[in-house]
Amino acid sequence: MPTPRPPANVARYLLTVLVVIAAVIGARFLVTWAAELFLHPIPILGGWLKSLEIIEFSVIVLFAFLGFGLGSATRHLSAKTPLGIKAIALLVALPLVFFSSYWLRHQLWLGQLTAQSTLTRQQITALANQALSREGGSQGFWGYYTTTTRMPILPASVEELERMAEDQKWFRSELTRFSGIEPGVFSMVFDGAGVGIRLFYMVLAGLTGVIYFFKGLAEAETARLRRVALGGGVKGKV
């Protein structure tokens, strides 16, 4: 009589997925925090590196680990589990991990504004939301994200925050005065460059995660076949 196939250990799979995602987000937080604290405040160089988001190159290895870890975790699932089901965790984790660093930057920025003012965190958040809404049309995290595609370096004090829009207009008018090019051209260039940089890193992170996810699937299948072979060898001896 054939031995019944044991059920897939879904609980162990879910636990592994949570641990992998938490570890990657924790590492991404650490890299982002270190960059914001030690690298980006460097005069001239720090601003240039922040505008190009060079630090994003250093975390590509995290997306490789994420993809491989989630792929390898499927060893706890049944061999008949469809690829689409196996890929759900990756599809959820990729945007979560990617945007987590910008969420932390937003919180650090609000903390910096609060530290430079006598206002409460709630009052600072309200003022920041007003400024972000005027500049980017949105508030909160998404307002911060869209605004920083055009303005990588945001005001560091309440006074600078209140005149953020005026400073941007003055800066672009000065560029127009020296170059003779219409201000709208500079706006399109700045907006396009910021969006292009974000899309580049987003695509790079996604491709890295997907490639290593399939490597993890292959490793999981190899481990599964090894267990089957070892199980067959034990039965043969008996």
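Some ground rules before the structure. Residues are numbered from 1 along each chain as its sequence is written, and side-chain values use heavy atoms, with hydrogens and water left out. Because the model is predicted, local features need pLDDT of at least 70 and side-chain atom pairs count only at pLDDT 80 or more, while totals for chains, interfaces and linings use all residues.

The chain has ten helices and zero strands. Helices here are DSSP runs of H or I with at least four residues, strands are runs of E with at least two, and both are numbered from the N terminus. Of the 238 residues, 39% count as buried. Buried means under 20% relative accessible area, exposed means over 50%, and partly exposed is in between, with a 1.4 Å probe and protein chains only. As for contacts, meaning heavy atoms within 4.5 Å, take those between residues at least 6 apart in sequence: 74% of them join residues at least 24 apart.

Start with helix 1, residues 10–39. Helix 1 has 30 residues and reaches 42 Å from its first C-alpha to its last, close to the 44 Å expected at 1.5 Å a residue. The expected span is 1.5 Å times one less than the number of residues. Its buried residues include Tyr 13, Arg 28 and Glu 36. Among the elements covering the buried residues of helix 1 are helix 2 (45–52), helix 3 (55–58), helix 4 and helix 5.

Helix 4, residues 60–72, should span 18 Å, and its end C-alpha atoms are 18 Å apart, which agrees. Ten of its 13 residues are buried, among them Phe 63, Gly 67, Gly 69 and Gly 71.

Next, helix 5 against helix 7. Two packed helices are described by the angle between their axes and the distance between the axes. Helix 5 (residues 83–115) and helix 7 pack at an angle of about 100°, with their axes 10 Å apart. That makes the two helices roughly perpendicular. Axes are lines fitted to C-alpha atoms, for helices over the stretch in contact, and angles run from 0 to 180 degrees between N-to-C directions. Under 35 degrees counts as roughly parallel, over 145 as roughly antiparallel, 65 to 115 as roughly perpendicular, and the rest as oblique.

Which residues of helix 5 and helix 7 meet? On the helix 5 side they include Phe 98, Tyr 102 and Trp 109, and on the helix 7 side they include Phe 141, Trp 142 and Tyr 145.

Now the rings. The structure holds 14 aromatic pairs. Rings of Phe, Tyr and Trp (its six-membered ring) pair if their centres lie within 6.5 Å; planes under 30 degrees apart are stacked, over 60 edge-to-face, and the rest tilted. Trp 142 and Tyr 145 are stacked, 5.2 Å centre to centre with 20° between the planes. Both lie in helix 7 (residues 140–150), three residues apart. Trp 142 is partly exposed at 44%, whereas Tyr 145 is buried at 5%.

The charged end of Arg 198 sits over the ring of Tyr 145, 4.5 Å from its centre. The criterion is NZ of Lys or CZ of Arg within 6 Å of the ring centre and within 35 degrees of the ring normal.

Last, Arg 224, in helix 10 (residues 183–237). Is Arg 224 buried or exposed? Arg 224 is buried, with a relative accessible area of 8%. Leaving aside residues up to four places away in sequence, Arg 224 touches Thr 74, Arg 75, Leu 77, Ser 78 and Ala 79.
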